[in-house]
There are 2 protein chains.
Amino acid sequence: MRSASGKTGRPSSPTSGAETEQAFIAAATRLFAERGFKGTSIADLARELNLTTASLYYYVDGKQELLARVLETGMADFLARLQDIAEGMGDPREKLERAVENHIDFVINRRDVVRIFLRYRGMLQDSPREHYQGLLDRYQLLFTTILADALGDSMPDIDIVLVRQTVLGMINSLIEWYDPAGRLPPDVLRSQLSRLILERMLRRD
Amino acid sequence: MRSASGKTGRPSSPTSGAETEQAFIAAATRLFAERGFKGTSIADLARELNLTTASLYYYVDGKQELLARVLETGMADFLARLQDIAEGMGDPREKLERAVENHIDFVINRRDVVRIFLRYRGMLQDSPREHYQGLLDRYQLLFTTILADALGDSMPDIDIVLVRQTVLGMINSLIEWYDPAGRLPPDVLRSQLSRLILERMLRRD
DNA sequence: CCTACCGATCGGTAGG
DNA sequence: CCTACCGATCGGTAGG
């Protein structure tokens, strides 16, 4: 991506590319989450950024590149948090608790990105697809490791991958129904769901 | 919907409307699940049915009607199964087990419809949307009732709606990762997931 | 059920 | 030669 600046046609002073990139990713994230990937046109994105569609093409190759940026930056951040937890202090059980609550918080606080993860990752192609898949694989492997360390051999008869996907799946499903402004405030939701997972489903017998 | 018949342009003998409807719903289900709702064109659907796009419009009002048919017939079937379980024999705990395993089986055996439920129900509008939402509400209410009967007051400190959404969410998430031809055969998956839910997460203390 | 089309919009690109 | 864009339009396809 190159850097954009003002709203007018003047050559305009160069702004930092990082700032521009932020704006593009934020706009794409909002629109893809709201209208869907196919439901968002290049014109929609350009309008959001106060550009013409032609100008948008000066910065990006197309919607696919924007989707890749959204997914890669979001997933990289998500993975970094889990790595901090894995490498941080605490016993295995505490790390699992933090990993679970981190995942819950991510789904609640970054709804738009998570919605795009879950719905449109399949639209990625070629090398962006492989790169994103690599980050996702690392996240899942790391989560499995944290899970296995915390569980020990307390659940020998159940497949560890099934457990991991089930835990992540129940948290991810928040995106479909949870309303932070609803009956259950975020901190209550987090603690109840966390207890349902850790003190019930994954309790050591 | 009217009824279609052969592949040629002859007025062709009237076949049962039911047979035609089946073919339309089957084609729409396959394509929407494979390519997405917006990713499926009217031309794609017509080709699948050996019709021209213009002819397709003779039978249906458009993609929205097909989506509504797919969702309503699928959801009605899904609800009927749960009603049979609720009204059938057995104690509350057995009914809950059947309800859970029924849901698992539905996700495994009717992947295409479930994928459309989860991804494209939001694209419905107006009265089809309300009708579908009504069926979904009834399913969720019935599931909550079965859940509450089975749990009694064994989990007084956790919100029953959170429990319901969590149970349904973890089962629904199978659509994202479970491969019936993979490492876990369907019957093993069903029994392990069922036990994870019933004997662990919802165990009576 | 087909042929012959439409208004509009799609993602993407031309020259300047 | 490069940057940062613009107005206008390209070839095709959407639903109807």
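**A close look, starting at one residue**

Guide: Let's start with Asp126(B), which counts as exposed because its relative accessibility is 60% (buried is under 20% relative accessible area, exposed is over 50% and partly exposed is in between, with a 1.4 Å probe and protein chains only). Before going on, some bookkeeping: this is a predicted model, in which local features need pLDDT of at least 70 and side-chain atom pairs count only at pLDDT 80 or more, while totals for chains, interfaces and linings use all residues. Residues are numbered from 1 along each chain as its sequence is written, chains are lettered from A and ligands numbered from 1 in the order in which they are written, and side-chain values use heavy atoms, with hydrogens and water left out.

Back to Asp126(B): it belongs to helix α7 of chain B, residues 126–151 (helices are DSSP runs of H or I with at least four residues, strands are runs of E with at least two, and numbering starts at the N terminus). Asn50(A) sits in a loop, between α2 (42–48) and α3 (53–59) of chain A. With a relative accessibility of 43%, Asn50(A) is classed as partly exposed.

Now go to the loop between α6 (111–120) and α7 of chain B. Arg121(B) makes a salt bridge with Glu176(A), and the closest N and O atoms are 3.1 Å apart (a side-chain nitrogen of Lys or Arg within 4 Å of a carboxyl oxygen of Asp or Glu). This pair crosses between chains: Glu176(A) is in helix α9 (residues 174–177) of chain A, and Arg121(B) is in that loop between α6 and α7 of chain B. Both ends are partly exposed, with a relative accessible area of 36% for Glu176(A) and 23% for Arg121(B).

How do the two chains relate? The same surface serves both copies, as 97% of the contact residues of chain A recur in chain B (contact means heavy atoms within 4.5 Å).

What about salt bridges elsewhere? The whole structure has 27 of them over all chains. In chain B, Arg190(B) pairs with Asp105(B), and their closest N and O atoms are 2.6 Å apart. That one ties distant parts of the chain together, from Arg190(B) in helix α10 (residues 186–201) to Asp105(B) in helix α5 (residues 92–109), 85 residues apart. Arg190(B) is partly exposed at 25%, and so is Asp105(B) at 23%. For a local example, take Arg81(B) and Asp77(B), whose closest N and O atoms are 3.4 Å apart. Both lie in helix α4 (residues 63–87) of chain B, 4 residues apart, which is about one turn of the helix. In chain A, Glu21(A), Glu65(A) and Arg69(A) are linked in a salt-bridge network.

The search finds 20 aromatic pairs over all chains (rings of Phe, Tyr and Trp, taking the six-membered ring of Trp, with centres within 6.5 Å; planes under 30 degrees apart are stacked, over 60 edge-to-face and the rest tilted). Phe78(A) and Phe117(A) have ring centres 6.3 Å apart and planes at 25°, so this pair is stacked. Phe78(A) is in helix α4 and Phe117(A) in helix α6 of chain A, 39 residues apart, so to speak distant parts of the chain. Phe78(A) is buried at 5%, and Phe117(A) is buried at 6%. Phe78(B) and Phe117(B) are stacked too, at 6.3 Å centre to centre and 25° between the planes. In chain A, ring pairs join Phe78(A), Phe106(A), Phe117(A), Tyr132(A), Tyr139(A) and Phe143(A) into a cluster.

One last stop: Lys63(A) lies over the face of Phe37(A), 4.7 Å from the ring centre (NZ of Lys or CZ of Arg within 6 Å of the ring centre and within 35 degrees of the ring normal). In chain B, Lys63(B) lies over the face of Phe37(B), at 4.7 Å from the ring centre.
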